[in-house]
Amino acid sequence: MIQFSRSLKFVCLSAALILGACTHKQEAVATAPPPAPPPPAAPAPAPVKPSILPGSAEDFRVNVGDTVHFAYNEYNIEDTDKTVLGRQAQWLAKYPAVRVTVEGHADERGTREYNLALGARRANAVKEFLVSQGVSTGRVETVSYGKERPICTESNEACWAQNRRGVTTIAGGANS
């Protein structure tokens, strides 16, 4: 029993020392407050779109307009389209080195031959208007695609109206 009591005394003394060490309060040390978190990073700026180069094909298409539309089986220029063609003529006067091609298009109704002829009349009507506004005839070519290059392929009036068009495209001499 003496062995047990000696072991018991040793365990009790060890426990008292351990508990005594744990209950000792540390002195408060004055420390600086933790640094403030860094401010949130500013969001990355949106990618800058390059501006449209004046005198380029994109300038012509976006800022002037390259398309006029026609009524069913017609090739006369509507009053609303004269505004677009007037802006085209002004733009072409500003950039005299530019050459254009006027594309004539038709909807899917009618034979291939009829629509090619109608597209040619539409392209020529646009060319004649541009020439009447002072554009040199040598700077304007025409081509007819008839119904071969539709931009809308549904068979309804809204779609056909989109396909009855004259499109002025830059053929050369534009800034790039």
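Cys152 is buried, because its relative accessible area is 14%, where buried means under 20%, exposed over 50% and partly exposed in between (1.4 Å probe, protein chains only). Cys159 is likewise buried, at 1%. A disulfide joins Cys152 to Cys159, with an S to S distance of 2.1 Å; the term denotes a pair of cysteine sulfur atoms within 2.5 Å. In general, a disulfide is a covalent bond between the sulfur atoms of two cysteines. The link of Cys152 and Cys159 is left-handed, with -130 degrees about the S-S bond. By this rule the count comes to 1 disulfide.

The model is predicted, so that local features need pLDDT of at least 70 and side-chain atom pairs count only at pLDDT 80 or more, while totals for chains, interfaces and linings use all residues. Residues are numbered from 1 along each chain as its sequence is written, and side-chain values use heavy atoms, with hydrogens and water left out.

**Overall architecture**

The protein chain contains 5 helices and 4 strands; these are DSSP runs numbered from the N terminus, helices being H or I with at least four residues and strands E with at least two. Along the sequence the pattern is α-α-β-α-β-α-β-α-β. The protein chain has 176 residues, of which 30% count as buried. Among its contacts with a separation of 6 or more, 73% join residues 24 or more positions apart, a contact being heavy atoms within 4.5 Å.

Helix H2 spans residues 57-64, and its residues Asp59, Phe60 and Val64 are buried. These residues lie on the same side of H2, because they cover an arc of only 100 degrees around the axis, taken from the directions from the helix axis to the C-beta atoms. The cover over the buried residues of H2 includes helix H3 (79-94) and strand E4 (165-172). After H2 comes Gly65, with a positive phi near 105 degrees.

The largest nonpolar core has 21 residues, and Trp91, Leu92, Val126 and Leu130 touch the most other members. H2, H3, strand E2 (99-105) and helix H4 (112-132) are the elements that give two or more residues to this core. Such a core is a set of buried Ala, Val, Leu, Ile, Met, Phe, Trp, Tyr and Cys residues joined through side-chain atoms within 4.5 Å. Leaving aside residues up to four places away in sequence, Val126 touches Val68, Phe70, Ile77, Leu85, Val102 and Thr168.

**Aromatic rings**

The whole structure holds 2 aromatic pairs. The pair of Trp91 and Tyr95 is tilted, because the ring centres are 4.8 Å apart and the planes stand at 45 degrees. Rings of Phe, Tyr and Trp (its six-membered ring) pair if their centres lie within 6.5 Å; planes under 30 degrees apart count as stacked, over 60 as edge-to-face and the rest as tilted. Both Trp91 and Tyr95 are buried. Ring pairs link Phe60, Trp91 and Tyr95 into a cluster. Elsewhere, Arg149 lies over the face of Tyr145, 3.8 Å from the ring centre; this requires NZ of Lys or CZ of Arg within 6 Å of the ring centre and within 35 degrees of the ring normal.

**Positive phi values**

Most residues other than glycine have a negative phi. Asn73 has a positive phi although it is not a glycine. Asn73 lies in the loop between strand E1 (67-69) and H3, and is partly exposed at 34% relative accessibility.

| Residue | Phi |
|---|---|
| Gly65 | near 105 degrees |
| Asn73 | about 60 degrees |
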